[in-house]
Amino acid sequence: HTLFSCKMNYPIQSTETIQDNISEHVFITEPAATIADVTDTETVMEIAGLTFSKPDKEYKQRKKALAATCCILLLQMCERVAYYSVIANMVLVCTSSFGYDTVEATTISLVFSGCAYLMPVIGGYVSDAWTGRFTTLLISSILILFGMTLLLVSVIDFTQWFYSNINQTGKRAIFMLGLVLAAIGTGGVKANVSPFGAEQVEVLGSDMINSFFNWFYWITAVGSVIAYAGIAYIQQ
């Protein structure tokens, strides 16, 4: 079928109305065809030469990508704030709240730090082999949240609300479990957050990817400053 169309301007209408409009302005050569042969609305509009206003797909795509990227950068900052807030005063907390000597406290601090930087190997493997980056980041964030909650619980003096308090052994067990969960969660986030963020802006071009990594490391530094200059000071 060969269709010759007159270019007309119409507001956005239903498919049936568009087809009626096309039928009025389109000349169909032999063999004749009905407009019902074309069912895709955008194709019908293109054939008929009709113009209409529609949302800019590229703008919407860019907006969604930037919104997702901001959430990822916020996750990175929160993870860094959590990690450095724990590591900054761990020796002091271990000696003052859990009865460890200085050597034991330093060992705990170094082991926690080492595990947090070794766990990304496992976190990356699990992400690539089974769960995917999004699921890994979600689970890791939840683990960090639970770990930080247990660290808080381990140093609370429950005699302010109840008649008895958790004994030293129980507090140490809660504290260690919190450190383990925080280290595992940190490994999962560190292994996946930067490549996952880059994937969100990949469709916007290489310049946007470079911009993302600039913001990523800047946000990481901001999280470190907040932890050491603010939270560590409040803790002490």
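This is a predicted model: local features need pLDDT of at least 70, side-chain atom pairs count only at pLDDT 80 or more; totals for chains, interfaces and linings use all residues.
Visitor: What makes a stretch a helix or a strand, and how many does the protein have?

Guide: Both are DSSP runs numbered from the N terminus: a helix is H or I over at least four residues, a strand is E over at least two. The protein has eight helices and two strands, in the order β-α-β-α-α-α-α-α-α-α along the sequence.

Visitor: Why is Thr69 called buried?

Guide: Buried means under 20% relative accessible area, exposed means over 50%, and partly exposed lies in between (1.4 Å probe, protein chains only). Thr69 has a relative accessible area of 7%, so Thr69 counts as buried. Thr69 is found in helix H3. Leaving aside neighbours within four places in sequence, Thr69 is in contact (heavy atoms within 4.5 Å) with Gly197, Gln200, Val201 and Phe212.

Visitor: Why do Ser109 and Glu104 get the labels they have?

Guide: Ser109, in helix H5, has a relative accessible area of 10%, so Ser109 is buried. Glu104, also placed in helix H5, has 38%, and is therefore partly exposed. Not counting residues up to four places away in sequence, Ser109 touches Ile87, Met90 and Val91. As for Glu104, its C-alpha atom is separated by 8.6 Å from that of Val91, 13 residues apart along the chain.

Visitor: And what makes Ala232 buried?

Guide: Ala232 has a relative accessible area of 6%, so the label buried applies. Ala232 is found in helix H8 (residues 206-235). Beyond its neighbours within four places in sequence, Ala232 is in contact with Ala88, Asn89 and Ala227. The C-alpha atoms of Ala232 and Ala88 are separated by 6.3 Å, although the two are 144 residues apart along the chain. Over the whole protein of 236 residues, 34% count as buried.

Visitor: What makes a set of residues a nonpolar core, and which residues have the most contacts inside the largest one?

Guide: A nonpolar core is a set of buried Ala, Val, Leu, Ile, Met, Phe, Trp, Tyr and Cys residues joined through side-chain atoms within 4.5 Å. The largest has 18 residues, and Met90, Cys94, Ile108, Phe112, Phe175 and Leu179 have the most contacts inside it. H3, helix H4 (90-97), helix H5 (102-131) and H7 each supply at least two residues of this core. Apart from it lies another core, of 16 residues, among them Leu137, Val189, Phe216 and Ile219.

Visitor: Why is one space called a cavity and another a pocket?

Guide: On a 1 Å grid over the protein atoms alone, a cavity is a set of points where a 1.4 Å probe fits but cannot get out, whereas a pocket is an open set with protein on both sides within 12 Å along at least five of seven lines. Grid points are joined across faces, edges and corners, and a volume is the space filled by probe spheres set on the points. By this rule there is one cavity of 30 Å³ or more. The largest cavity holds about 40 Å³, while the largest pocket has a volume of about 320 Å³.

Visitor: How do you know which residues line the cavity?

Guide: A lining residue has an atom within 4 Å of a point. For the largest cavity these are Glu79, Ala82, Tyr83, Val86, Phe112, Ile144, Met148, Ala182 and Thr186. H3 gives the most to this lining, with four residues.

Visitor: What makes a lining residue nonpolar, polar or charged?

Guide: Ala, Val, Leu, Ile, Met, Phe, Trp, Tyr, Cys and Pro count as nonpolar, Asp, Glu, Lys and Arg as charged, and the others, Gly among them, as polar. The largest cavity's lining divides into seven nonpolar, one polar and one charged. The largest pocket's lining has nine nonpolar, four polar and no charged residues.

Note on methods: Residues are numbered from 1 along each chain as its sequence is written. Side-chain values use heavy atoms; hydrogens and water are left out.
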